[in-house]
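Dear colleague,

I am passing on the structure below, followed by some notes on what turned up in it. Please read them alongside the coordinates.

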Amino acid sequence: MRSWTPSAPAHTETLSKDETSVMNGDEQRDTKATQRLARTIGLLYLLVFVLGMFAPIVLERFVIPGDAAGTADNIIRSLGLFGSSLLSWVVILAADVALAGLFYVFLEPAGRVLSLVTAAFRLVYAAVLGTFVLHLFDA
């Protein structure tokens, strides 16, 4: 039996032990799944943050403004570092696509339209980033 006290905020309710034990089944699994999903989103954002700082800084160090031959020479001398920067961009792109799908699932309980809009913006961002990364591979 749920009881409501006037001093408590309107959105909180006091549950008896019987109701808590009933709630522990499906709702507890849903809560754990939501927490796991939120942690996955957080880890992907951390990955995007770390690699998003590494990749552009590395690329910037190779470029010599106005000197294409010098830039090419820098890339050839540090081909492994340049390749790791390109790989970082690909991982960032994959993480952004995964984030779009995860945001859709995570925000769907708040509203399907909101979750679709969030996923769409993330996918548009990933498409623009993919175009940028594709041009890096062409260079």
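The model is predicted. To begin with a polar contact: a polar side-chain atom of threonine 71 lies 2.9 Å from the backbone nitrogen of isoleucine 64. Threonine 71 belongs to helix α3, which covers residues 68–77. Its relative accessibility is 15%, and because buried means under 20%, threonine 71 counts as buried. Setting aside neighbours within four places in sequence, threonine 71 is in contact with Phe62, Val63 and Ile64.

Phe82 leads on to the nonpolar packing. The largest nonpolar core has 21 residues, and Phe82 is listed with Ile41, Trp89, Ile92 and Leu99 as having the most contacts inside it. Two or more residues of this core come from each of α2 (26–62), α4 and α5. Helix α2 gives the most, with nine residues.

Two of these elements, α4 and α5, also pack against each other. Helix α4 spans residues 79–107 and helix α5 spans residues 112–138. Their axes are 8 Å apart, at an angle of about 170°. Since an angle over 145 degrees counts as roughly antiparallel, α4 is roughly antiparallel to α5. The residues of the contact of α4 with α5 comprise 21 nonpolar, three polar and three charged.

Regards

Definitions and conventions
Residues numbered from 1 in each chain as written. Predicted model: local features only at pLDDT ≥ 70, side-chain atom pairs only at ≥ 80, totals over all residues. Heavy atoms only, no water. Axes fitted to C-alpha atoms, helices over the stretch in contact; angles between N-to-C directions. Helix = DSSP H or I, 4+ residues; strand = E, 2+ residues; numbered from the N terminus. Parallel < 35°, antiparallel > 145°, perpendicular 65-115°, else oblique. Nonpolar A, V, L, I, M, F, W, Y, C, P; charged D, E, K, R; others polar. Buried < 20%, exposed > 50% of the residue type's maximum accessible area, 1.4 Å probe, protein only. Polar contact = N/O pair within 3.5 Å; in protein donor to acceptor, adjacent residues only side chain to side chain. Contact = heavy atoms within 4.5 Å. Core = buried A, V, L, I, M, F, W, Y, C linked by side-chain atoms within 4.5 Å.
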